[in-house]
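Here's a quick briefing on a protein model with its ligands. Have a look at the structure first, then we'll go through it topic by topic.

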Amino acid sequence: MAVFASTPIELINGVYGRLATNVAIGRERLGRPLTFAEKVLINHLRDPRTQELERGRSYADLDPDRVAMQDATAQMALLQFMTAGLPEAAVPSTVHCDHLIQAKSNARIDLATANDVNAEVYDFLESVSAKYGIGFWKPGSGIIHQVVLEQYAFPGGMMIGTDSHTPNAGGLGMIAIGVGGADAVDVMTGYPFNVRWPKLIGVKLTGTLAGWSAPKDIILEVARILTVKGGTGAIVEYFGPGAESISCTGKATICNMGAEIGATTSLFPYDPAMSRYLGSTGRVAVAEAADAVAADLRADDEVLADPASYFDEVIEIDLSSLQPLINGPHTPDRARKVSELGAEAKAEGWPMEISSALIGSCTNSSYEDISRAAAIARFAHQNGLSIKTPLLVTPGSEQVRATIERDGLLADLEQIGATVLANACGPCIGQWSRSDVEEGTENIIITSYNRNFPKRNDGLASTLAFVTSPETVVAMALAGRVDFDPITDSLTNASGEQVTIPVPVGVELPPKGFTAGENTFIAPPADSSRVVIKVSPSSDRLQLLEPFDAWDGNDFLNLPILMKAKGKCTTDHISAAGPWLKYRGHLENISGNMFIGAVNAFTDEVGQGKDQLDGTTKSFPDIGKSYHAAGQGWIAIGDENYGEGSSREHAAMEPRFRGAKVVLTRSFARIHETNLKKQGVLPLVFADPKVYDLIEQDDRINVLGLADLTPDVPVKCQIVKPDGTTIDFEGIQTMNDEQIGWFKAGGALNIIRQRQGV
Ligand code: MIC
Ligand code: SF4
């Protein structure tokens, strides 16, 4: 398949060509007007006429227009794809090298080091891409979501991506869903993408942002209202007069961080801001095509007039009264006004000084973001102010970097002492060689990123991370303190004068247009027959995959509890990133991090528990190894929103590889639950959440009646106490027939293999 550096207009015309017909089918079938999200979804159904459309219940088969994968998840996705026996990817797909570049010195040095250190993985990804007709974006091209927004996203389109922040493309009116690699493999092998027909949360925006308030504050406010699990199973659709006042990249910031509330995706309707962005990024033809079908690239008028009748929940936010917010530490929904952080820090006993300030990431690294940050830097320089804490900047893409360099914005930031890092994820995913702070020293960092889980950025449990808008980050870096409110407080400059920072004025799009920068895209060759994929058997970074065993037909009896997690257990707790990113293509090696961040509910210790086979205390990964070697199946127990955060399927594959049969929780995050199902692990939810409390360290768990697994029928389970007494309870399972098939086959991939005859 020919794959280009941007979406061909023919593909877009194809999607638009069937839009009106499918929207009419949708209106007729549902007997009512449609929201924008419903229109896009219905237009991508494999069978719009027969697909069941019950919100929150039906599983729908969809055909996305594209697949995107980033390097840290693409390795496992493509290792799985390779075992499916197909000559090429069935849908236009791209790989983006952004997660594996470690931030240490500066862009040039760090990129050169990454190219050297990760050569084996980059060569593998490049050769697999070439072999299977996949587009390859080299290291240095930028963060996947920015590149997708600049090149591939289009209003009314649909894509999936192996990264939880794929919904970034909702800023350009696309339904873009973050998935695990196994979902991507389905689509790349020509099967539909299967997801629950979502519930819909409408967010009506009125007024306009003023002063220091930024698009970031809108999503921080939404996260405050809905919490980290409030979006689970839902699409968040924005609308209202306030929506039009936000730039396309500002909208992308909002949709990006919808991942933090667990939403399936978020999106905005097509509007002039999107058209301007398309024009500025060289896609006038796309804007014209979208203009021609604009009526179907937004919700129907009846929906806008009476949203409560069409959405499951409606939130209204008045942008004019929204104050700058800052969220953290440890969870992206812990919000307060920037003006209130100082008092809270004092009350909590947090440090007042900021140890590092960081801007960028896929969430906030657009031209507009950097222009607002640079405006503050320029003012600071002219007025004798300088940063009081290190300020690190990661441009989102090579195109943004080259453009902000040309327009002098990078120089503005460097002038006040900022360090510009490579166009990559960098410290956002723990790729930060930080030497100024030691473990155990409580310290505060503020970022414009999206996640603030413990250890995420620098690997230190003693770092408290807060997220806010890039302009607030820069202003606070000038103060160096958390009790600084840029709106009301002043700073003392080099000559001892009091200086108040004026409201930063940004530029939505570069007045001289974008400049592409270095060409970092490699299209797959027309003839790939000679491409050889290299995986050395002695590699410690890449390992070919062996299919998992099918279910043996027996109930699970006396499963020991390898781990019972207390409180938040995100994918960062289950499969840490940072230094472990280097093993993302090697299932056995990466299993060395299994659950190392999880808090043991029996002991409150982190990362270790009791090996029931020999009674000793060991790290969770070592217990996994011991059970694996003994052929002992086991269970993991989780609390609320288990598996929150990343799409990384390693968090499901590692337990599967080490012999996990079941993961039983109070609730799951969507992507992780699907990842478990895909790999053949049974995800169950306590019908009665209090049963969680009854499970003790030496108990065993029985899971019964598996031969009769039936969609939506709870599974009978028992706690077996050490004295042999049992407590019955029910485990809710949410599998449809197809997913029960995955479980029985030992994982969805085994079914694809069977169908392909391999
Ligand atoms: C993240 O932000 O946590 C990541 C790293 O981008 C992940 C993907 C991964 O773990 O590779 C995500 O969000 O899906
Ligand atoms: Fe990369 Fe961070 Fe964005 Fe994840 S959230 S894709 S790590 S920049």
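This is a predicted model: local features need pLDDT of at least 70, side-chain atom pairs count only at pLDDT 80 or more; totals for chains, interfaces and linings use all residues.

As for bookkeeping, residues are numbered from 1 along each chain as its sequence is written, chains are lettered from A and ligands numbered from 1 in the order in which they are written, and side-chain values use heavy atoms, with hydrogens and water left out.

**Around Ser646**
- You'll find Ser646 in the loop between strand 25 (634–638) and helix 23 (650–657); helices (H or I, at least four residues) and strands (E, at least two) are DSSP runs, numbered from the N terminus.
- A polar side-chain atom of Ser646 lies 2.7 Å from the backbone nitrogen of Arg648. A polar contact here is a pair of N or O atoms within 3.5 Å; within protein, one must be able to donate a hydrogen and the other to accept it, and residues adjacent in sequence count only if both atoms are side-chain atoms.

**Ligand 1**
- Which residues come nearest to ligand 1? Out of 14 around it, they are Asp163, Ser164, Arg456, Ser647 and Arg648 (a residue is near if one of its heavy atoms lies within 4 Å).
- Ser647 uses its backbone instead, with an N or O atom 2.7 Å from an oxygen atom of ligand 1.
- The protein buries 97% of the 330 Å² that ligand 1 exposes when taken alone; these accessible areas come from the Shrake-Rupley method with a 1.4 Å probe, and for residues only the protein chains shown count as cover.
- The shell around ligand 1 splits into two nonpolar, seven polar and five charged residues. Ala, Val, Leu, Ile, Met, Phe, Trp, Tyr, Cys and Pro count as nonpolar, Asp, Glu, Lys and Arg as charged, and the others, Gly among them, as polar.

**Ligand 2**
- The residues surrounding ligand 2 include His99, His145, Asp163, His165, Cys362, Cys425, Cys428 and Arg456.
- That shell divides into five nonpolar, five polar and two charged residues.

- The Gly328 to Pro329 peptide bond is cis, with omega near -5 degrees. Pro329 belongs to the loop between strand 12 (325–327) and strand 13 (335–337).
- Lys455 isn't a glycine, yet its phi is positive, near 70 degrees. This residue is in the loop between strand 17 (443–447) and strand 18 (463–467), and it is partly exposed at 41% relative accessible area.
- Phe595, also not a glycine, has a positive phi of about 65 degrees. Its loop runs between helix 21 (587–590) and strand 23 (608–610). Is Phe595 buried or exposed? Buried, because its relative accessibility is 0%.

**Asn675**
- Asn675 is part of helix 24 (residues 670–679) and is buried, with a relative accessible area of 2%.
- From Asn675 to Glu38 the C-alpha to C-alpha distance is 25 Å, while in sequence the two are 637 residues apart.

Key: Buried means under 20% relative accessible area, exposed over 50%, partly exposed in between (1.4 Å probe, protein chains only).
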